Every structure is written in C-alpha cells, then in structure tokens.
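Trainee: I have a complex open on my screen and I'd like to learn how to read it. Could we go through it together?

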Amino acid sequence: MAVETTHKPEIIDSEWLKEHLDDPGLRIVDTRSSYDYGKGHVRNAVNIELFDIVRSWGGLPAMCILQDKFERLMSSKGIDNDTKVVAYDNFGGLFSARLLWTLEHFGHKRIMVFDGSIKTWRDAGNPFVSTVPQVSATDYRAEHNEDNLATKEWILDHLQDQNVRYLDVRRGGEYSGKVAFGKRGGHIPGAVHIHWLEGIDPKTARFKPIDELRSMYERNGLTPDKEIVAYCWMGLRASHGYMMLRLLGYPKVRTYDSSWSEWGDAEGCAVEK
Amino acid sequence: MRINEDMDLEKVIDLFPETLKVLYGIGYTDLETPVMRHAAKIISVKQAAMLMGADPGRLVEDLNQAIMGD
C-alpha cells in the first residue's frame, strides 16, 4: 500500500499569480508547446512541454522521463528542490497535470496549478511577454516516489483489493469497448468511468467548485480513504484524473503510466465491457 | 459533409485544415505543433469549445462556415 502523502498541490487564480509574478522562490512553468510559448507567455515563465517529460519505451508512447534527465531538466529551468512550481496551460490543465504527476513522482512537494486557460490571463491584459527569463542553473536532486505510480504488475496484485479503486478517464466509447485503440477494448474490471473533462466548467474553462468535484468522485465510490488508480490510453489524461484527486487532497493516488496501451494488449490482463 | 460537435477535433483538422483559423480565433494558436495535435486526438469539437470557454454551437457554426468558404 502507498504511503499517505501529507502535502497537497494547490489551485491558484489570476489574482494570486499577478501578485506573485516576481517571487524569488517561485518558478512559473508554461506547459504548452514551445511554439506557443515562443509567441508569448506569462512574464518570468519558463517552458516545459509534454515531450520534455515523457519518453518512448518498450513500444509505449509516453512513459515517465528518466530520473537523471528529469534532474537535468529541472536544474536547467532554475528549479530547485524547494522551489514552488506554478504550472499553467490552455488545455483544461491537461499538460500541467502531467508535469504535476511527474514532479510528485520525483518527490517534489511544492506545486501549484493555474485555474483555467492562460488565454483568460492574456485576454485580461495581464503581463504576457515573449522574453525568455534568464535563470540560474540549480542542482536538483530527485527521489523516486513509487507510491504515485501503478504498473501492470501492481494492478494484477491489487485487482481484488477492496481498498483500491480504478478510475477510467477516457471517452465513454473507449471505456465500453466500442472504440478500441489496440487489440482489445473495454476497461479494467470494476473501474468507474469519469471523463477527464467532467471536472472542468464548460462556461469558464476553470475547475468546477471543490464541493462539486468531491461529490462527483465520492458518489462514484472514489473516497479519500481508498487508494485510487487513474488510467487512460497512454497516461496523459490519467494524469489529469490524478491531479484532480490530488487537488482535492486525496492522499493515495496513482497513475497507471502505461495505461490501456499496455493493459489492452497484454495477455493475462482481464477486461470488462 | 457537415461538422458536428461530436467529431474528433483531430479529424476535423485533418479533413478541413481551413478550420484552423477558426480554432485559432478561440485560442488554439498552436494546433499545427506535435504537442497540440497529440492533444487534439482526445477531444471532440464540443470539448474543444468548452476548454476555451466558447459556445459549442457557435463553434460548430463557425467551423462549418469556414469549410463552406465564407
């Protein structure tokens, strides 16, 4: 069983960000593509895009970056072990979520996520520049946190465990098996389905209110006392599910990094439709 | 063929690249890059609208206008 995580990431809004743009202990990270970053970003923000923090491995498309590469990446972006990392994107938090999961996987504890699309920040006339900030390199040291990672083997060992719940955040068709990426469609036996965008308010592109989110997960049996494994097809959307639960303070959450791209094709892995 | 809100965003872009200018207008400024094309695989037109706080019906209309040559 996972060790309970006592810290939790925080949600910040435009007002907070505006007041803390120049904080020395803070590193703002734009998790959109380098192309978009190059056209303008929040003042003092560095860029870490999705493909900076994933690697292809064993035929799987987007696995977690290796520890030494992660350390070099953090160091080059001026992030040290005590830096507060503020992540933003323009995609419902999808890319920020992957960075958040990766940071927690390597033991980073001070993480904040911008609530909403950064487009709203820009459109409101807040500082949005093309100047890349000069940062001093650090000596970042990562520590593997296996407690936020689920593997196929771990899931096979815990399929009957009543303290573990599985959260499928893919589209309904992928969950039901109507749409199959890979050899088989369907879901991990017993998994509940909550699409990753269910946590976003369609009118504002911001997170839904905390109470509403908590209620959505709890009525599906995903309560904080359980250990919850989020999965999708390749681990990206799963990281969003992971992030939402962590923002709510859930202490024991894992992302199945290989997700359905492995489970759907693997012999000996049961599938439910 | 008409675009509807349940179509995959990636499919819309592949079939009708002229829709990129509409998507650009609601905030998708980098859909030609690998990261965003990857992300476009996993959302529908409706979801693309909601991620930017745009009205899905209006977006569908604008996309269809774009492919009609207006």
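Trainee: Let's start with one residue. Leaving aside its neighbours within four places in sequence, which residues is A:His41 in contact with?

Mentor: Keep in mind that this is a predicted model. Setting aside the neighbours within four places in sequence, A:His41 is in contact with A:Asp30, A:Phe128 and A:Val129. Take A:Asp30: eleven residues separate A:His41 from A:Asp30 along the chain, and their C-alpha atoms are 7.1 Å apart. As for its place, A:His41 sits in strand S3 (residues 41-42) of chain A.

Trainee: Is A:His41 buried or exposed?

Mentor: Here you count neighbours, and 20 or more other C-beta atoms within 10 Å make a residue buried. A:His41 has 26 C-beta neighbours inside 10 Å, so it counts as buried.

Trainee: Zooming out, how is chain A divided?

Mentor: Into domain 1 (10-129) and domain 2 (147-263). Taken over C-alpha atoms, the centres of the two domains of chain A are 22 Å apart. To read how they meet, look at both sides: 19 residues of domain 1 of chain A are in contact with 21 residues of domain 2 of chain A.

Trainee: Which element gives the most to the domain 1 side of that contact?

Mentor: That's H4(A), with seven residues. Strand S6 (60-64) and helix H4 (94-105) of chain A each supply at least two residues there. Sorted by class, this side of domain 1 has eleven nonpolar, five polar and three charged residues.

Trainee: And how many residues are in the largest nonpolar core?

Mentor: It has 93 residues, and those with the most contacts inside it include A:Val86, A:Leu100, A:Tyr231 and B:Val45. To place a core, ask who contributes: both domain 1 (10-129) and domain 2 (147-263) of chain A give residues to this one, so it lies between them.

Trainee: How do I read the range of its contacts?

Mentor: Look at the sequence separation of the partners. Among chain B contacts with a separation of 6 or more, 69% are between residues 24 or more positions apart.

Trainee: How many residues does each chain bring to the contact between A and B?

Mentor: Chain A brings 21 residues and chain B brings 14 residues. On the chain A side, the largest share, three residues, comes from helix H2 (residues 34-39) of chain A. That side has nine nonpolar, five polar and seven charged residues.

Trainee: Last one: where in chain B is confidence lowest, and where is it highest?

Mentor: Lowest in helix H3 (residues 34-40) of chain B, at a mean of 87, and highest in helix H5 (residues 56-68) of chain B, at 95. The mean pLDDT of chain B is 90, and 99% of its residues reach 70 or more. For the complex, the predictor gives an ipTM of 0.76 and a pTM of 0.93.

Technical notes
Residues numbered from 1 in each chain as written. Chains lettered and ligands numbered in written order. Predicted model: local features only at pLDDT ≥ 70, side-chain atom pairs only at ≥ 80, totals over all residues. Contact = placed C-beta atoms within 7 Å. Helix = DSSP H or I, 4+ residues; strand = E, 2+ residues; numbered from the N terminus. Nonpolar A, V, L, I, M, F, W, Y, C, P; charged D, E, K, R; others polar. Core = buried A, V, L, I, M, F, W, Y, C linked by C-beta atoms within 7 Å. Buried ≥ 20, exposed ≤ 12 C-beta atoms within 10 Å, placed from the backbone. Domains from an automatic or database assignment. pLDDT = per-residue confidence, 0-100.
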